[in-house]
Amino acid sequence: MNIFEELEWRGLIADCTDKGELKLRLTERSTTLYCGFDPTADSLHVGNLVPLLALRRFQLHGHHPIAVAGGATGSIGDPSGKTDERQLLSREVLDRNIAAVKEQLRKLLDFETPSNPARLVDNANWTAGVSYLDFLRDIGKHFSVNVMVAKESVRARMEDRETGISYTEFSYMLLQAFDFFVLCRDYGCELQIGGSDQWGNITAGIDLCRKKFHRQVFGVTVPLITNADGSKFGKSVAGAVWLDVKKTSVYRFYQFWIQTDDRDVIRFLKFFTFLSRPEIESLEKQHLEKPEARVAHKALAKSVTELIHGEAATLEAIRASEILFGGGLEGISETTFSEIVGEVPSKEIARTQLGETGMPLLEVLVQSGLCSSKGQARKDAEAGGIYLNNLREVNFQRIVRASDFLFGKHLLLRKGKRNYALVTLH
């Protein structure tokens, strides 16, 4: 498949200008394209991945990708898809965010390949020297206010009588169009890609390039992702799912993908992985035949986590996940085990309570909250439903000692298949 056919098969084309002409252009020769992101935070999140991974797909097919950091546009705020005015960020904050995101982009794009290296540019570099009057004369005169207010991103805000839209955000469309103009002029860029909420901004840039250069350029939007239940994609119980490990741990990142709705998993394999069509079709077949095996979910979680965090960290996350499904703890590292500490109910007890002789298992089970009484704890143990560090313990007279605690401080208790409790010494 060529790049356009691959994007179509993966369901990654929401809208496209001059589809037939663009498909021919992409087939005949390599093309320079760009995708912009406004550095409103010091990390990307999973919602940013689809258009940025599309850049990588183009690069793998021999095209030339440009990632545009919105040092200028980010200081204004894009009204697309927003109901409220964005908080204005200082130049210092934007610079810090760009520096952080740049390192994440290196995992998504190849900046070193000699044939078609990716570029990262900042639109603050070409807006800083342009005066307000020059911008109005050279760029603003090519835009009709009538057309601008008809764009969905603007119209929706104007219809809200309470918030409306400021002149600042109303001007955002011109700034993004100016990006396309500069990239077309300086880099020969012919294609802009972005989320479907960017359609109005993208077509504005296409019109500007046509008027200024009398040449045809193109735009493609990828779909905005929603979950099968209609909820917003990219949120977990803990909030947004970030690419920065300090904001979202590798374990939680992996779990986000493992917990994908059955109805979404094949679609997400197409959107977020670089698995081939035969590989995904094989996973789809296995998923339909035996969904409880969660083969497709594991492939999705593994592929995306490896892409963002690397193979070693992914293996640690998989091992931590397996612990909560009864996996053995032999040879586990404290780093891996610590990933699950916050995932199960925990109870602290004083080391002095153990003393030199230890504490009866039944008392530990009650103190952990796993069993309601010593009598119930005894019944659960005799029935074979109690586990210490994922090893079954049927001896209700067992004494728990300090040596039973992992890393000298943690004891993992389980009742049945999924009821866990963690006892920590302090």
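## The sheet

In this predicted model, six strands make an open sheet with mixed pairing, in the order E1-E6-E5-E2-E3-E4. Strands (E, at least two residues) and helices (H or I, at least four) are DSSP runs numbered from the N terminus, and two strands pair if DSSP finds at least two bridges between them. At the edges sit strand E1 (15–16) and strand E4 (119–122), each pairing on one side only. E1 and strand E6 (residues 218–222) run antiparallel, joined by two bridges; Asp15 has Thr221 in E6 as its bridge partner.

## Helices on the sheet

Helix H2 (residues 19–28) packs on the sheet and touches E1, strand E5 (191–195) and E6, where contact means heavy atoms within 4.5 Å. The direction of H2 makes about 95° with that of E6. Axes here are lines fitted to C-alpha atoms, for helices over the stretch in contact, and angles run from 0 to 180 degrees between N-to-C directions.

Helix H4 (residues 91–108) lies across strand E2 (32–37), strand E3 (64–69) and E4, at about 175° to E4.

## A nonpolar patch

On the surface, Tyr132, Leu133, Leu136 and Tyr167 form a nonpolar patch. Helix H6 (residues 132–138) gives the most to this patch, with three residues. Tyr132 is found in H6 and is exposed (over 50% relative accessible area), at 54%.

## Ground rules

Numbering starts from 1 along each chain as its sequence is written, and side-chain values use heavy atoms, leaving out hydrogens and water. Local features need pLDDT of at least 70 and side-chain atom pairs count only at pLDDT 80 or more, while totals for chains, interfaces and linings use all residues.

Methods:
Patches are made of residues with over 30% relative accessible area and no salt bridge: like charges are joined within 9 Å, nonpolar side chains (Val, Leu, Ile, Met, Phe, Trp, Tyr) within 5 Å. Accessible areas come from the Shrake-Rupley method with a 1.4 Å probe; for residues, only the protein chains shown count as cover. A salt bridge is a side-chain nitrogen of Lys or Arg within 4 Å of a carboxyl oxygen of Asp or Glu. Buried means under 20% relative accessible area, exposed over 50%, partly exposed in between (1.4 Å probe, protein chains only).
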